[in-house]
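Let's take a walk through this model together. Have a look at it first, and then we'll go helix by helix.

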Amino acid sequence: MFESKSGIFLVAGIGFFGLAFLSNALVPAMMYRHLPEKTVKELVNGNLRYQFEDLAQRYPDAFKAAYGEPPEDPAKAELWYNEKCAESLTIGRKIYTGEGCWHCHSQFVRPVSNEERRWGPVSKTWEYQNELQRPVMFGTRRVGPDLSREGGRRSSDWQAVHLFKPVTLSPGSPMPEYPWLFDGAPDKPNKRGLALLTYLQWLGSWHETYPYYEDYEASKILPTPKGEGESEEEAPAEEPAAEATTSEAPAAEAPAVETPAPAAEPAAEAKPEPAATSDAPKNE
Amino acid sequence: MSTPATAESPRQENLVDERLVFWYFVAALTYMLISMLGGLLMGLQLLRWNPLPLSEYLSPGRWRMVHTNAIAYGFLANGFLGMMHWVVPRLSLRPVLDKRLSLFIFAAWQVVVLSTAVGLLLGEAQGLEWGETPVWIDPLAQAGLLLVAINFGYPIIKVKGPMYVTLWYFLAALVWTFLTYAMGNFVPQYAVTGTAAGAVGGLFIHDLVGLFVTPMGWGMMYYFVPILLKRPMWSHGLSLVGFWGLAFFYPLQGIHHFLYTPIPMFLQYGAVLSTIALEFVVLTVIINFVGTLKGTGMLCLSNLPLRYFYTGITFYFLTCLQCALQTTMTFQALIHFTDWVVGHAHMVMFGVFSMWILGMMTYLVPRLLKTDWYSEEWCYWHYWASAGGLTLMAGDLILGGLFQGWSWAALQPWDKSITVSHPFWAVRIVAGLLMFLAQVLLSYNLYKTWQKSPLRLGDETLTNVVPATT
């Protein structure tokens, strides 16, 4: 058997491969068969819908060009938004894959290396049981931060400016620029840009709270100069300025005005000043 | 091993399509250069200097995928296919199934690789690492792999009696590659989702290395090393342990690429244990090859192809030792997601398998072109720049990965991990340029050699000249 053609073909070639496929692939698939796979439409939740309608208000022209106008009837508009949101998510996932975002940003929080403190709850299987995780976007490298809890953490304006020219908001960021997702300016996302923004705002939107990973002190082991603890990775000092120059609706106003929004949103919108809101419970 | 010079033995020209072997080598080197340009672009982006920021078709994120895919399907696959066209007929004493089929496969495979590159640049990637081949190319590639298996499987199946070690590896690899590609590209896309798709994805990355590249590479070593040393392998028993150990343990480890994910913990531990077990198997293979070299180690100084091979074997030992350590949960907590893994991957794919293929080309090109290398000195330069550049790059990234991991665990603001990476990324560019220039030099040397080849000059009287051993 050990040197014969049939032994090598059947035992090593097919047998051992099959054994590995059984144990490494079929077992997890069987173990999670009680968790039904959600369709894209089922993924549209309140948090995401809020962000999607927010896109429609922030970028009315771009939104109209990409998706048309919602019906007058509120009940129909409700359905229409859901439908367009799902469509946008699907396209967004395709862009996220096609641009290789997942090669520098992971989508899972590990129970080690203080990741819970940085990014919030450890990832669970149910979070991945959906159509947009075919194949799953775990990722294997983090040049930039994990994105599985990114949705709602920052305004879409922030995301748009950051995608257009990352160094505006994250000085020193090695992230490439994606001007082709915009029509010449960060406040003019095209259909692809809107889709990627929707996808980013979806990530983690299934959680009721948005973790603030700026929300810790700098390590005691490597003390940083005074004030560094607050000037976090996104350099929030520059954020309000960038927001003001690039968007017609400054995000900071939102919490005061937007009372009818779903519960989680005010906190999410207030995020551009993480230092100020750092210890507040996220959505109460 | 080599064809015995008896009257009834088939002659080389009836066995091997040497022209095709050479074409495969040219294709392989072309993709190597393309791939390295992609790596260069991504490396420059990390240093915040993108020379080509304007077009989406030149986006570093897309070229990063071209980089890895061009190595897997462009360089390694073409290099191995060319090598198999030389080795399999000579070992089995039979030509491949059909020479026209061989030509068709060659053309079809280049179409597959080129359309993969074009698809990736158009933003059509599939979300499967190392299998980003757009979904509409997958069936074509799958059919190509089937044809490859049939074309080479035929002479192997026809062998009477026991087969030589190399053919064990090749026969198994033909089956495994076909199955691995099918599993990775179709199952997590169409059959399962989420965590289970992650497990399949991990298995795919892993099997592509372990069940396609590794058996092809070791099969090649078991063939060329004894020929260059003019002596048989040290221990047939260890050859058996090496093959069967790899066949059993290697595929069981896919999940170790996704430790600490929601994949069930007992499966993660299983993958870790199996990885550590495999390192003992690797040790037997290394011992076997060191035993084969015993007493003639100085040949590595004078015989250039042998030097490539044993350099690769040394790197193989190092990477596998690294595997056994880095697969433990303790190590994973620190180094997962960091450049450590990138350094490790470069050490395996370039330090081991690319060095082997390049050494094999250094050995075969004079035999294919019936003339010595245009410049043997350039061959030595190519060796030193490749091996030196890789050592620098792997060492640099592995070290840098530790700093990144510590920076994250210490809850430093994210941009601190970028700042700390910067010097390492700068060194990496230098190392990468060195490796790139080495391949440019080799390509130019190949071109100049071809120019003076009697095949090109049409001087038939020279075609029987056996070149001196490089």
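How many residues does α3(A) have, and how far does it reach from its first C-alpha to its last? Helix α3(A) has 13 residues and reaches 18 Å, close to the 18 Å expected at 1.5 Å a residue. Keep in mind as you look that this is a predicted model.

Stay with α3(A) for a moment and pick out its buried residues: they are A:N47, A:L48, A:Y50, A:Q51, A:F52, A:D54, A:L55 and A:R58.

Now move along chain A to α5(A), which runs through residues 74–98. With 25 residues, α5(A) spans 35 Å between its first and last C-alpha, close to the expected 36 Å. Its buried residues are A:K84, A:C85, A:S88, A:L89, A:G92, A:R93, A:Y96, A:T97 and A:G98. And what do they pack against? Here we meet α3 (46–58) again, along with α2 (40–43), α4 (60–67) and α8 (191–202), all of chain A. After α5(A) comes A:G100, and its phi is positive, near 75°.

Next, zoom out to where the two chains meet. On the chain A side, 67 residues are in contact with 73 residues of chain B. The elements of chain A that give two or more residues to this side are α1 (5–31), α6 (115–119) and our friend α5. The largest share, 17 residues, comes from α1(A). Sorted by class, the side of chain A that touches chain B has 33 nonpolar residues, 19 polar ones and 15 charged ones.

Definitions and conventions:
Residues numbered from 1 in each chain as written. Chains lettered and ligands numbered in written order. Predicted model: local features only at pLDDT ≥ 70, side-chain atom pairs only at ≥ 80, totals over all residues. Helix = DSSP H or I, 4+ residues; strand = E, 2+ residues; numbered from the N terminus. Expected span 1.5 Å × (residues − 1). Buried ≥ 20, exposed ≤ 12 C-beta atoms within 10 Å, placed from the backbone. Contact = placed C-beta atoms within 7 Å. Nonpolar A, V, L, I, M, F, W, Y, C, P; charged D, E, K, R; others polar.
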